[in-house]
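Visitor: Please take me through this model term by term, and set each value against the definition that lies behind the word.

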Amino acid sequence: MKKFVIIALGTMLALPCVAFSQGALKIGTVDMNRAFKEYNKTKDAEAKINEAKNAAKKEYDDRADAYKKALDDINSLNKQLDAPALSADAKTQKAKERDDKIANIKNMEREINEFRQTRERQLQEQALRMREGIVKEITKVVNEKVKANNLDLVFDKSGMSLNGVPLLLAARDNYDFTTDIISVLNKPGRASSVSITEKPATGSPGATATPNPARATKP
């Protein structure tokens, strides 16, 4: 790995010498983070994902409410079973009813957990697809700019090294063409390959606690 890094650095240092031997080196810079954030499609995609999160939260809350109601029913039956005046036959019947509800509430818990995990995975996959599509489109516009202006090198101003140090420490302002890229991306009527009209996958409701059926298993 160390040898590879040394070779790569040596190659980068050699590039200016080669370029200058053939003529002036034309360099450009672009802030990919800024282009991503200010692209209208990014804002639309974020809105779709937030819509999916809200839909998932509502569905989760509905399931949690049903779980809570079932738990309340079990607790009510437990109180009735503790009543000294309850006949043996009635106690047997209510105990069976309680046990059936406990079995059902455990199934509800499993379904809630599966729902949460599935929706979280779907939301992550949808967000990744949208991000990859947007980055691909931004890169395409950047490459078109490179060809149109015959640029030799383009650096991402937002890029960071493994040590957290900016890869591009300094550059002249006139090298940067981020604003031009954003203008092209957001140009009214421009054909876009990024689709955000797919039915959004619902996601995990986040910090909402999963109900615990152990509360319902009173001996």
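## Terms and values

Visitor: How far apart along helix H3 are Asp61 and Lys57, in residues and in turns?

Guide: Asp61 and Lys57 sit four residues apart in helix H3, which spans residues 40-81, and therefore about one helical turn separates them. The helix label itself comes from DSSP: helices are H or I runs of at least four residues, strands are E runs of at least two, and both are numbered from the N terminus. As a background point, an α-helix has 3.6 residues a turn, so residues three or four places apart point the same way.

Visitor: What kind of model is this, and how are its residues numbered and its side chains treated?

Guide: The model is predicted, so local features need pLDDT of at least 70 and side-chain atom pairs count only at pLDDT 80 or more, whereas totals for chains, interfaces and linings use all residues. Residues are numbered from 1 along each chain as its sequence is written, and side-chain values use heavy atoms, with hydrogens and water left out.

Visitor: Why is the pair of Asp61 and Lys57 called a salt bridge?

Guide: The term asks for a side-chain nitrogen of Lys or Arg within 4 Å of a carboxyl oxygen of Asp or Glu; the closest N and O atoms of Asp61 and Lys57 are 2.9 Å apart, so the pair meets the rule. Under this rule the count comes to 12 salt bridges.

Visitor: Why are Asp61 and Lys57 described as partly exposed?

Guide: Buried means under 20% relative accessible area, exposed means over 50%, and partly exposed is what lies in between (1.4 Å probe, protein chains only). Asp61 has 25% relative accessibility and Lys57 has 37%, so each counts as partly exposed.

Visitor: Which other residue pairs with Glu59, and what makes that pair a salt bridge?

Guide: Arg63 is a partner of Glu59, with an N to O distance of 3.4 Å between their side chains. Both residues lie in helix H3, four residues apart, about one turn of the helix. Arg63 is partly exposed at 28% relative accessible area, and Glu59 is likewise partly exposed at 26%.

Visitor: What distance joins Lys157 to Asp176, and where in the chain do the two lie?

Guide: Lys157 and Asp176 form a salt bridge at 3.7 Å, N to O. This pair links distant parts of the chain, as the residues are 19 apart, both in the loop between strand E2 (153-156) and helix H5 (178-185). Lys157 is partly exposed at 39%, and Asp176 is partly exposed at 23%. Elsewhere, salt bridges with shared partners join Glu59, Arg63 and Arg119 into one network.

Visitor: Why is Thr29 called buried, and what does its side chain meet?

Guide: Thr29, in strand E1, has a relative accessible area of 1%, and therefore it is buried. Its side chain makes a polar contact with the side chain of Asp176 at 3.3 Å; a polar contact is a pair of N or O atoms within 3.5 Å, where within protein one must be able to donate a hydrogen and the other to accept it, and residues adjacent in sequence count only if both atoms are side-chain atoms. Beyond its neighbours within four places in sequence, Thr29 is in contact (heavy atoms within 4.5 Å) with residues including Phe155, Lys157, Leu168 and Phe177.

Visitor: Is Arg98 buried or exposed, and which side chain does it contact?

Guide: Arg98 lies in helix H4 and has 12% relative accessibility, so it counts as buried. Its side chain makes a polar contact with that of Asn78, at 3.1 Å.

Visitor: How do you know where the buried residues of H5 lie around the helix?

Guide: The buried residues of H5 are Thr178, Ile181, Ile182 and Leu185. Seen down the axis of H5, they fall within an arc of 95°, so they line one face of the helix; the arc is that of the directions from the helix axis to the C-beta atoms. Among the elements that cover them are strand E1 (27-30), helix H2 (32-38) and helix H4 (88-149).

Visitor: What makes a group of residues a nonpolar core, and which residues have the most contacts inside the largest one?

Guide: A nonpolar core is a set of buried Ala, Val, Leu, Ile, Met, Phe, Trp, Tyr and Cys residues joined through side-chain atoms within 4.5 Å. The largest has 20 residues, and those with the most contacts inside it include Val30, Ile134, Phe177 and Ile181. H2, H3, H4 and H5 each give two or more residues to this core, and H4 gives the most, with seven. Another core, of 11 residues, lies apart from it and has Tyr60, Ala64, Ala70 and Ile102 among its members.
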